[in-house]
Amino acid sequence: EDCGQGEKKRDLGVVQAKGPRRRGRKMFSQVTEIRVNEQLTELITKYPQAKIVDRNAGTTTLRLPVSNRNVPGLSLSIVLPKDYPKVLPHVAVTPPNLDHPWVQAQGRVWHDSMQKMYYQHDEKVLAKLAGNLLGAFEKAKPAGAQYPVQGALQASGAHHQPQQQPQRSRADSEVSTVPTFELTVEDVKREISKLSDEDLMKLLTDKEAYARHIAGMEELSNMGMSIKELVEKNRALAEASLEKQNQIADVKNQIAIIRSTEVLEVKNKYEALAKEHNSILSSINVNTLKEKLADAAASADGESEELSQRLGNKEISVEAFLEEFCKQREVYHKRTMVLQSLDH
């Protein structure tokens, strides 16, 4: 019986331990669901033509029509897997027979920029993804047609991927924290204006030459240098912050020393002077002192008035008047201030 009771207690302890973990997982799942719903709301708000066509077993499928004169009825499907946003969404295009560098086998769509978005933290990430896809496929052409260089450049903003999509592991499919960068239309125009007619024709007909040209663009290399510079500046700023922490610790120590030594000494001196001041005041008649100060202040005020009359009668010079008048007024104000302090 004792053994049976012990086993029951252990089983009960296991059940009680599992309870908080289950509640934590449930809470995290609810937060993730709220974030995904916010992303879907932002997408449909910005692109009303996007529709949710299926929601089953944790998987959400969206249909996004593309306005394309060359391919009527062109649309994109965005599938959010059950583990989204921990994994990337799946994108496909219908009809799949398009001559586009982003289109892989069976209409699957892939580009490096899709891996560099903040799916777990950005509530507008699906709207941004839809914008990139719409821009990339609005000028797509059926298979066999020549793909325009400028349209591809403006749509992708980076070199295209080969037709064979590489095998990606689960770790590679998770969200990357590297921010995305896009070239501007003006950058593309400047690059194209430097090319000859023969080079332009080669880019229109040779996808490998097109990819090599994009990879060698000066803006892309400068972008890489800018990232390196930002990393170096960030590292230098972090080192400076660590040095500041040491300086702050030193200053705190100095303040503690001052508080324990110098402040105590000054405080003792102040208390001694205050005690002496109070003892002096207690040994004299305050009312008599106030009367004497009032008489002395009135005397100084009268002397300054007398100087003004003498100046008006031209009995003294202006220089002598200013010197004596300022002295008398200073004495008057000092005595008045002392008298006011005694009243308080």
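These are my notes from a look through a predicted model.

**Overall picture**

I started with the fold as a whole. I found 11 helices and 4 strands in the protein. Of its 344 residues, 28% count as buried. I then looked at contacts between residues at least 6 apart in sequence: 61% of them join residues at least 24 apart.

**Leu 64**

Next I picked a residue in a strand. Leu 64 sits in β2, which covers residues 59-65. Is Leu 64 buried or exposed? I get 2% relative accessibility for Leu 64, so I put it down as buried, the cut-off being under 20%. I left aside the neighbours within four places in sequence and listed what Leu 64 touches: Tyr 47, Gln 49, Ala 50, Ser 75, Leu 76, Ala 130 and Leu 134. I also checked Pro 48, which is 16 residues from Leu 64 along the chain; their C-alpha atoms are 9.2 Å apart.

**Ser 113**

I went to the loop between β4 (90-94) and α2 (125-137), where Ser 113 is placed. Ser 113 has 16% relative accessibility, so this one is buried too. Which side chain does the side chain of Ser 113 meet in a polar contact? I found His 111, at 2.9 Å, side chain to side chain.

**Aromatic pairs**

My ring search gave 3 aromatic pairs. One of them is Tyr 84 with Tyr 119, with 6.0 Å between centres and 75 degrees between planes, which I logged as edge-to-face. Tyr 84 is in the loop between β3 (75-80) and β4, while Tyr 119 is in the loop between β4 and α2, so the pair ties together parts 35 residues apart in sequence. I have both Tyr 84 and Tyr 119 down as buried.

I also looked at Trp 102 and Phe 137. Their ring centres are 6.2 Å apart and the planes stand at 85 degrees, so I logged this pair as edge-to-face as well. Trp 102 and Phe 137 are both buried.

**Salt bridges**

I searched the whole structure and got 8 salt bridges. I wrote up three.

- Glu 232 and Arg 235 meet through their side chains at 3.0 Å, N to O. Both are in helix α8 (residues 218-260), 3 residues apart, which is about one turn of the helix. I have Glu 232 as partly exposed at 48% relative accessible area, and Arg 235 as partly exposed at 40%.
- Glu 265 bridges to Lys 269, with the closest N and O atoms 3.9 Å apart; the limit is 4 Å, so I kept the pair. The two are 4 residues apart in helix α9 (residues 262-282), so about one helical turn separates them. Glu 265 is partly exposed at 47%, whereas Lys 269 is exposed at 52%.
- Asp 301 and Arg 329 form a salt bridge at 2.5 Å, N to O. Asp 301 is in helix α10 (residues 286-312) and Arg 329 in helix α11 (residues 318-343), so I noted this as a link between distant parts of the chain, 28 residues apart. I have Asp 301 as partly exposed, with a relative accessible area of 25%.

Conventions:
Residues are numbered from 1 along each chain as its sequence is written. This is a predicted model: local features need pLDDT of at least 70, side-chain atom pairs count only at pLDDT 80 or more; totals for chains, interfaces and linings use all residues. Side-chain values use heavy atoms; hydrogens and water are left out. Buried means under 20% relative accessible area, exposed over 50%, partly exposed in between (1.4 Å probe, protein chains only). A polar contact is a pair of N or O atoms within 3.5 Å; within protein, one must be able to donate a hydrogen and the other to accept it, and residues adjacent in sequence count only if both atoms are side-chain atoms. Contact means heavy atoms within 4.5 Å. Rings of Phe, Tyr and Trp (its six-membered ring) pair if their centres lie within 6.5 Å; planes under 30 degrees apart count as stacked, over 60 as edge-to-face and the rest as tilted.
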